[in-house]
Amino acid sequence: MSEGFNNMLHFVGVVEDAHDRTNSGRVKVRAFGIHPPRNNDGEEDSVPTAHLPWATVLDGTYGVAPVIPSVGDWVFGFFIDGREAQQPMIMGRLPGMHLQFPAGSRQPGEDGYIPPEAVGKFGEPPLHRYNSGEDAQKGQTVSQRVYQKNNIPTANGESFDEPPVMMPENNINNRVIKSKDGDNFIVLGTYEDGDNGDYILISNSNGSVFQIDANGTMFIKSFADKYNTTLGVESNHIDGSQHTNIKDNYTLKVEDGCGKIEIAGNLDIDCTDFNVNASRSINLNANAKVNVSGLGVGIYAKGDDMNLVAHQHLKASTAVGGMYFKCLSPGTVAPGMTSNGGDFHVDSYKMNLNSASYTRIHSLGTPAVSAGTVPYMDAGHLGIDIYSTTSLRMESLATMNINTVGVMGVNAGGAMGITAGGAMNLYAIGTLGVGATLAVSLDSVVPTAGVLIGNGTAAATGTASLASVTASLAPQLVQATVSKVPFVSIAETATCVKPPDITHSVVPVLPALVKRMKSVFTSMFGSGDNLN
């Protein structure tokens with residue numbers, strides 16, 4: 001051994017085996033001129049690969065980034081034991097291109113020093129394609145260019161392009177760190193004209209890439225899935241704009257805590273269906289106006305009141321149909337049924353009811369059974385009451401009919417005047433009484449007509465009275481007889497339904513807080529199963 005140190009034997013050889021089961025990074029080398037080559041049948045002559053000594057590969061990186069030569073690489077080294085040639089050491093790799101086939105390949109110019117495993121390296125450039133510029137079509141480079149995305153639409157109607165991935169080039173100034181097969185690599189690109197062409201490229205064999213170009217533009221593209229996990233706080237700051245284009249679904253979940261979005265300008269959301277589900281309240285506040293438009297608009301209060309308050313006017317208008325309010329509960333009330341229904345109240349300073357066709361006020365006369373006290377205790381009330389603390393006027397430009405099946409009372413606290421533009425006939429099937437606390441005056445404006453009493457005109461008076469009543473009923477043919485007064489109720493009822501529930505509902509704040517408290521107490525004091 002001491003003789004070997006003083007007379008080390010240098011050699012050039014080819015690596016035939018790089019699978020060191022001791023994981024020491026050793027290789028087996030067939031040294032030219034020391035170990036005989038393979039014969040034409042691919043068989044070793046006197047020294048098979050299994051009998052070659054293991055060569056130690058010197059590591060100038062001190063374990064930071066050791067590189068083990070591959071099968072078929074030409075290496076330079078020395079035998080530390082001199083001519084005994086049993087303890088080889090590898091100092092480095094000799095770059096070159098295999099232009100011969102291994103022995104046994106039946107090709108012209110077979111080389112017995114080239115192992116069969118190295119046949120795939122025939123004609124392969126010794127430098128990486130990002131140094132030599134050769135084999136630019138190899139590996140992931142083609143797919144990176146073919147699948148480059150251009151004209152990617154954004155939500156604001158604009159578009160953007162992916163930056164192109166740097167292509168292989170003949171530039172020996174580039175620094176390349178590659179995997180053994182050369183398909184996974186890192187390129188520190190440097191142009192001869194200085195920093196204007198510098199770039200950093202990390203490329204994976206499946207096409208996924210990370211790149212920083214000469215302008216500092218950073219490009220990250222994954223040809224498969226991408227995952228980001230941060231155990232602390234993640235903060236992003238963007239001086240310009242941010243555009244995100246997603247082909248499939250988008251979800252965002254805040255497991256514990258609150259969320260806030262603050263935008264100085266407008267916020268536009270364009271989607272098919274817009275669903276918002278809150279475990280408690282939803283508050284919408286605008287310093288200007290809130291406008292809601294839709295083919296149909298439904299508002300549903302499932303457990304409490306619905307309040308509409310306007311600082312000025314409260315307006316409602318329909319373009320084609322009518323306006324319907326229903327306060328019956330439970331369900332629709334038909335004749336002969338009772339209901340503990342709601343009340344319809346309208347309080348105003350002035351009230352005007354105007355109808356282009358007719359105005360109808362109808363009451364079933366069912367006594368109220370609700371416990372309402374506004375504006376008064378209404379239990380037992382029924383019918384229709386019209387009350388005025390001052391004058392009450394009823395005027396018709398055509399006919400007017402007042403009819404009741406039962407008793408009718410007309411009472412005045414002061415004087416009462418009844419006048420007719422034509423004849424006036426008062427007729428009673430029973431007794432007709434005319435009386436006064438003071439004098440009763442029967443007179444005629446025309447002296448020659450006189451006042452006729454007891455001259456057999458009762459029948460004619462009754463007939464004339466009936467004709468007047470019939471004429472007053474003419475415009476209301478549907479009410480020709482009292483027994484046929486119809487049940488009047490609205491034909492349209494509210495069809496607004498409860499909005500659909502969102503499957504991914506938000507966890508209420510209180511249960512989330514209890515969950516966090518359980519976790520804290522468990523970490524401090526053990527099991528928190530008794531915390532409810």
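**View 1. The lining of the largest cavity comprises 6 nonpolar, 3 polar and 3 charged residues.** In this predicted model, a search of the whole structure finds 1 cavity of 30 Å³ or more. The largest cavity holds about 60 Å³ of space. Its lining is made up of Q144, R145, Q148, E162, P163, P164, V165, G207, V209, F219, K221 and F223. At least two of the lining residues come from α3 (141–146), and at least two from β12 (218–221).

**View 2. The largest nonpolar core contains 14 residues.** Inside this core, F11, V27, V29, F79 and I90 have the most contacts. Four strands, β1 (9–17), β2 (27–31), β3 (54–57) and β4 (74–79), each contribute at least two residues to the core. Another core, of 8 residues, lies apart from the largest one and includes F185, Y199, V209 and F219. V209 and F219 also belong to the lining of the largest cavity.

**View 3. Surroundings of V29, a residue of the largest nonpolar core.** Leaving aside residues up to four places away in sequence, V29 is in contact with F11, G13, V14, V15, H35, L52, P53, A55, V75 and I90. Of these contacts, F11 and I90 are also among the core residues with the most contacts inside the core.

**View 4. Strands β8 and β9 form a hairpin.** Strand β8 (residues 175–178) runs antiparallel to strand β9 (residues 185–191), and 4 bridges join the two. K178 is placed opposite F185 of β9, and F185 is one of the residues of the 8-residue core. Between the strands lie 6 residues, and G182 in the turn has a positive phi of about 80°.

Notes: Residues numbered from 1 in each chain as written. Predicted model: local features only at pLDDT ≥ 70, side-chain atom pairs only at ≥ 80, totals over all residues. Heavy atoms only, no water. 1 Å grid on protein atoms, 1.4 Å probe; cavity = no way out; pocket = protein on both sides within 12 Å on 5 of 7 lines; lining within 4 Å. Points joined across faces, edges and corners; volume = space filled by probe spheres on them. Nonpolar A, V, L, I, M, F, W, Y, C, P; charged D, E, K, R; others polar. Core = buried A, V, L, I, M, F, W, Y, C linked by side-chain atoms within 4.5 Å. Buried < 20%, exposed > 50% of the residue type's maximum accessible area, 1.4 Å probe, protein only. Contact = heavy atoms within 4.5 Å. Pairing = 2+ DSSP bridges.
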